Amino acid sequence: MPELDITRANGMIDPFLHIWGWEIPVYLWLGGWVAGMMIITGYFLLGGRHTRRSPLLSALPAIGLVLLSVGMFSLFLDLEHKFYVWRLYTTFQWTSPMSWGSWILLLVYPVLVLTWLVRPPIILEDLSATVEKVSLKLQANRPLVRALGITSMVVGTALGVYTGVLLSSLGGRPLWNSGALGVLFLASGMSAAAAFAHLVTPALDERALMVRIDNVVLAAELGILALFLMGLLAGSAPQIEAAKLFLGGPYTAPFWVLVVGLGIMIPLLIQILAARHIIQHTPIAPIMVMAGGLALRWVLVSAGQFSHWAHGAMRIH
């Protein structure tokens, strides 16, 4: 990643005078989103939803292919040596998160294609006899469908965790130097996927299920965020100073308003009320959840550029 030219004014760091590039936050956001879709798809396959028409099972893998491709393209735009990407696949480095991520991403595409073929949209089956034949063969092989479901969930989990580990492995930034990032990004991606699913599905049973899942994951995400901050505050002086970016520092408002308030707390409250039939379901809550996932990654990536180990601590006045 390129280093940010930090702008300081009267001792105060102003993050809005220099906006960090959009490519990495978008890549991390879409990667987590696809990871959540793969987990939901795997759960549906294990639950036997492939034996009947399921709008989400027919749509999520295909949408995941598109979103992942967009995310990969945004990552490609950020690379300095774009035409040497292929070298990542000539070796495997056990200690390199980038190496792990490259091979995980290589697995994601075939898994998405295979899970999509288990129950493709009716229109695709009507257009292609081959697709229909492959789909019927897959559906008839229950052990294979179960194996695909497990694989989808495992690979999806690995992808979601990787998006956080990619940052936490960069030890030069105290804010990112936390083991909680992998779990946090996984939960955020799962929440965004569930929110998108109950926003677009026309099936009432799927919508109700996705709302319940989203509420649980949003609550868990709040807990993980709390652990993330407490871990920083219990760490070294530079990590404590990094946490202060969100506790009175220049990123306090974006973090608490965009990420915690609008991205988690308010949509969680709305969805709890909707699940209890106190209010009507509204597209506002899931849209806020998905936007909150992007805000989370933008805030963490941008704020991380301001945290450093220089001179033992970073001072914010």
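Tutor: Let us begin with handedness, keeping in mind that this is a predicted model: helix α7 passes helix α11 in a left-handed crossing. The residues that make this contact include L181, L184, F185 and S188 of α7, and P286, I287, V289 and M290 of α11.

Student: What makes α7 and α11 roughly antiparallel to each other?

Tutor: Helix α7 (residues 180-200) and helix α11 (residues 284-304) pack at an angle of about 155 degrees, with axes 8 Å apart. Angles over 145 degrees count as roughly antiparallel, and α7 and α11 are therefore given that description.

Student: How many residues of each class does the contact of α7 with α11 have?

Tutor: The contact of α7 with α11 has 13 nonpolar, 5 polar and 1 charged residues; glycine counts as polar in this scheme, and G189 of α7 and G293 of α11 are among the contact residues.

Student: Why is α6 called oblique to α7?

Tutor: The axes of α6 and α7 come within 7 Å and cross at roughly 135 degrees. An angle has to be over 145 degrees to count as roughly antiparallel, whereas roughly perpendicular covers 65 to 115 degrees, so the crossing at roughly 135 degrees makes α6 oblique to α7. The crossing of these two helices is right-handed, and the contact is made by residues including G156, G160 and G164 of α6 together with L181, G182, F185 and L186 of α7. By class, the contact of α6 with α7 divides into 6 nonpolar, 7 polar and no charged residues.

Student: How do you know that the length of α6 agrees with what 27 residues should span?

Tutor: At 1.5 Å a residue, the 27 residues of helix α6 (residues 142-168) should span 39 Å, and the end C-alpha atoms are 39 Å apart, which agrees.

Student: What makes α8 roughly antiparallel to α10?

Tutor: Helix α8 (residues 204-233) and helix α10 (residues 252-275) pack at an angle of about 150 degrees, their axes being 9 Å apart. The cut-off is again over 145 degrees, so the angle of about 150 degrees makes α8 roughly antiparallel to α10. Helix α8 passes α10 in a left-handed crossing, and among the residues in contact are V211, D214 and L218 of α8 and F255, W256 and V259 of α10. The contact of α8 with α10 has 15 nonpolar, 3 polar and 2 charged residues.

Key:
Residues numbered from 1 in each chain as written. Predicted model: local features only at pLDDT ≥ 70, side-chain atom pairs only at ≥ 80, totals over all residues. Heavy atoms only, no water. Axes fitted to C-alpha atoms, helices over the stretch in contact; angles between N-to-C directions. Helix = DSSP H or I, 4+ residues; strand = E, 2+ residues; numbered from the N terminus. Parallel < 35°, antiparallel > 145°, perpendicular 65-115°, else oblique. Left-handed = near helix turned anticlockwise from the far one by under 90°. Contact = heavy atoms within 4.5 Å. Expected span 1.5 Å × (residues − 1).
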